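Subject: Structure for your review

Dear colleague,

Please find below the sequence and structure that I am handing over to you.

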Amino acid sequence: MTRIMAVHGVLPPRRYTQQEITHAVARTCRFPRDDRDLLERVHASSGVSTRHLIMPLEDVAGLDGFGARNDAYLRGALDLGHQAVKGALDQAGIGADEVDLVVSSSVTGIAAPSLEARLAAGLGLRPDVRRVPLFGLGCAGGAAGLARVHDYLVGHPDHTALLLSVELCSLTLQRADASLQNLVAGALFGDGAAAVVATGAQHAKARAASAAVVRGPEIVATRSHLLPGTEDLLGWTVRDTGFHIMLGADLPDLVQRHLGPTVEGFLADHELKTRDVAAWVCHPGGPKVLDAVRDSLGLPARALETSWRSLARVGNLSSASVLHILRDVLADGPPPPGTPGLLLAMGPGFCIELVLLRW
């Protein structure tokens, strides 16, 4: 089995209260005056208390055009990405030159060469490291990236793999877009990055019995589920000013209808039921989505407590969120050895990504 050796999350140093962000958006965005009350209501009901932003609020408001936004994305993403990878490698006690595969996930900017290619030399990655940059998976990218890491390590059980997720969601806010979708995105999303180091089953550190060496759960299995006819539900529309969010109002209803059967079928294939899952590592899409996840799976309220807490502290970090929540579960005290956990996230497509864990 793939063994997760370390999970490290990083946030930009600039931290703002939700009220500060609300006032800044109302002051700088070109919304009709009648929409200001709606903006304040959306922000107040988001479940978010604080967020970290890669740039000062006043500088974010001054970005015009796709080029300026993407330049800011590259600067910030490389800084946070370097911190995340170095922190994860240090935590795992693994050198950068031991990494055989890097998977990177980001959907809030464009980089070619990709982020991990730009970071490789400064981190000390080998010139022959395999690279798999992912784009377009949105909030599901962290879970899907972890699944692709697992696929590789099953075939290369003595190797080490690295997953990097960097999302600078604040740079995608559209100042002249008064749509409800843009208001909701501006109320929920924050900036952050995370990195995961994992090893295959035959790696020396994965075989070690010492708890000081084995730091995280095993990955038992993964599953992807793509719902047909949902392409316009969630994602980006790309225009001259950058990424404009597509966010369907019926997303929570779709989650409530489809998530339960997908998860239950996946668990049943491993002779498990939802009541057997000791840790739910769930992406915090927003209050309505978290409520839909709980209702669809019939979970007690406390099952998603870590996701709610992460949403309040840092907002929705797109693909990096589920990795921050996995880090929090490990820090809070993981379940007893041998118990299962489920990491799950949803994203554009509309897709569901599931990763079955065992502590």
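This is a predicted model: local features need pLDDT of at least 70, side-chain atom pairs count only at pLDDT 80 or more; totals for chains, interfaces and linings use all residues.

Nine strands make up an open sheet, in the order 5-4-6-7-1-8-13-12-11, and their pairing is mixed. At the edges stand strand 5 (130-134) and strand 11; each has a single partner strand, so one side of each is left without a neighbour in the sheet. From one strand to the next, the twist averages 20°. As background, strands of a sheet pair through backbone hydrogen bonds, either parallel or antiparallel.

With strand 4 (residues 101-105), strand 6 pairs in the parallel sense over five bridges. Within this pair, Val-103 has Leu-163 as its bridge partner, and Ser-104 has Leu-164. With strand 7 (residues 191-199), strand 6 runs antiparallel, and nine bridges join the two.

How many residues of strand 6 are buried? The count is nine of its nine residues. In a regular strand the side chains alternate between the two faces of the sheet. In strand 6, both faces are covered. On one side are Thr-160, Leu-162, Leu-164, Val-166 and Leu-168, and on the other are Ala-161, Leu-163, Ser-165 and Glu-167, all of them buried.

In soluble globular proteins, nonpolar side chains tend to be buried together. The largest nonpolar core in this model has 38 residues, of which Trp-280, Val-293, Leu-342 and Phe-350 touch the most other members. At least two residues of this core come from each of helix 7 (180-188), helix 9 (251-268), strand 11 (279-282), helix 10 (287-297), strand 12 (340-347) and strand 13 (351-358). Helix 9 supplies the largest share, seven residues. Leaving aside residues up to four places away in sequence, Leu-342 touches Val-263, Phe-266, Val-277, Ala-279, Trp-280, Val-281, Leu-354, Val-355 and Leu-356. Another core, of 36 residues, lies apart from this one and includes Val-60, Ala-84, Leu-119 and Leu-171.

Ala-147, in helix 6, is buried, with a relative accessible area of 0%. The C-alpha atoms of Ala-147 and Val-355 are separated by 6.6 Å, although the two residues are 208 residues apart along the chain.

The cysteines

A disulfide is a covalent bond between the sulfur atoms of two cysteines. How many disulfides does a search of the whole structure find? The search finds zero. Cys-139 is in no disulfide, and its nearest cysteine sulfur, that of Cys-169, is 7.2 Å away.

Cys-139 lies in the loop between strand 5 and helix 6 (141-155). An unreviewed UniProt entry covers Cys-139 with the annotation "active site". Not counting residues up to four places away in sequence, Cys-139 touches Phe-189, His-283, Asn-316, Ser-318, Ser-319, Ala-345, Met-346, Gly-347 and Pro-348.

The annotated domain

UniProt, again in an unreviewed entry, lists residues 219-358 as "domain: Chalcone/stilbene synthase C-terminal". This span is 36% helix and 29% strand, and its end C-alpha atoms lie 6 Å apart.

With kind regards

Notes
Residues are numbered from 1 along each chain as its sequence is written. Side-chain values use heavy atoms; hydrogens and water are left out. A nonpolar core is a set of buried Ala, Val, Leu, Ile, Met, Phe, Trp, Tyr and Cys residues joined through side-chain atoms within 4.5 Å. Buried means under 20% relative accessible area, exposed over 50%, partly exposed in between (1.4 Å probe, protein chains only). Helices (H or I, at least four residues) and strands (E, at least two) are DSSP runs, numbered from the N terminus. Contact means heavy atoms within 4.5 Å. Two strands pair if DSSP finds at least two bridges between them. Axes are lines fitted to C-alpha atoms, for helices over the stretch in contact, and angles run from 0 to 180 degrees between N-to-C directions. UniProt positions are given in the numbering used here, feature names are shortened, and annotations may be inferred rather than shown by experiment. A disulfide is a pair of cysteine sulfur atoms within 2.5 Å.
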